[in-house]
Amino acid sequence: MEPITFTRDLPLFFSIFIFVYLLGYLFIFKNWTPESRPLASSCLISLLHGVSAVLLAGNALFSDPNRGFSSANTDSQNSVLDFSSAYFLADLLHLAVFPSPAGGDSLFAAHHAAVLFVFLTCRYLVAHGACALLALLVVAEATSACQNTWTLADARGPDAQLAVRLRRFVTLPFYASYSVCRCVLAPLLIVKMTWFYVSGGADDVIPRWVWVSWTVVIVVAATVSVLWIWNLWVLYFQERYSKFTKKVI
């Protein structure tokens, strides 16, 4: 294996995400409540990461004629891994500085740390397998625009009628698209990837402990996503049923 050198991409991207976070916190959302400003700023960098990652990862995948679950990482694929790693590092810093009053930070922090482990080992340890991870990244972040719009509207609060109407408008498209991506496409890709690794397709370039740890992280993250959207659907239909019964009565 050739030596892997550290590049400037990771600190550069990290600086960009911190700048955008501070831009949101100090200027864009300065009139929001103290509780909602950190969350809104986090959503801002999540939106930047999600939309950009889909475009960058898609381009990095399609521009690689030798793409495969065990293929060597290209320079563009490594840059996307650095880009996403920088986002998760920035959001981990957000979670450390501004813990949520509602709790749940531990779960998000664990998720970010686990994904960082996957991306950084792929980027700096084995230098193979980025195609599999970036394909999952595209599926995971395809709904970023809807999700962050929904979260921002919710964070703005019920006192802002525009935010209330916006949240109502994006809820169904967000739930539906998230369900398709996280409950259908992602599991299919995970099964295909896992079967490839279990069959020994990457044993010559990716140590078994590495791809096993990747698989565990990915499966756990996918399971949590499925449970999360399931709970949102349950609440959605409960709310609809409650409104329907009130009209009937």
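**Helices and cysteines in a predicted model**

Residues 39-62 are 100% helix and 0% strand, with end C-alpha atoms 34 Å apart. Helices here are DSSP runs of H or I with at least four residues, strands are E runs of at least two, and both are numbered from the N terminus. This is a predicted model, where local features need pLDDT of at least 70, side-chain atom pairs count only at pLDDT 80 or more, and totals for chains, interfaces and linings use all residues. Residues are numbered from 1 along each chain as its sequence is written, and side-chain values use heavy atoms, without hydrogens or water.

**Record and spans**
- An unreviewed UniProt entry lists "transmembrane region" for several spans, including 39-62 and 210-237; such annotations may be inferred rather than shown by experiment.
- Residues 210-237 are 100% helix and 0% strand, and their end C-alpha atoms lie 41 Å apart.

**Helix H7**
- H7 covers residues 161-198, which is 38 residues.
- H7 reaches 52 Å from first C-alpha to last, close to the expected 56 Å (1.5 Å times one less than the number of residues).
- H7 bends by about 35 degrees at Val 170 (the angle between axes fitted to the seven residues ending there and the seven starting there).
- Pro 173 follows that bend within four residues.
- After H7 comes Gly 200, with a positive phi near 90 degrees.

**Cysteines**
- The count of disulfides is zero (pairs of cysteine sulfur atoms within 2.5 Å).
- Cys 43 has its closest cysteine sulfur in Cys 146, 13 Å away, so the gap is too far for a bond.
- Cys 181 has its closest in Cys 183, at 9.5 Å, also too far.
- Cys 43 is buried, at 5% relative accessibility (buried is under 20% relative accessible area, exposed over 50%, partly exposed in between, with a 1.4 Å probe and protein chains only).
- Cys 181 is buried too, at 11%.
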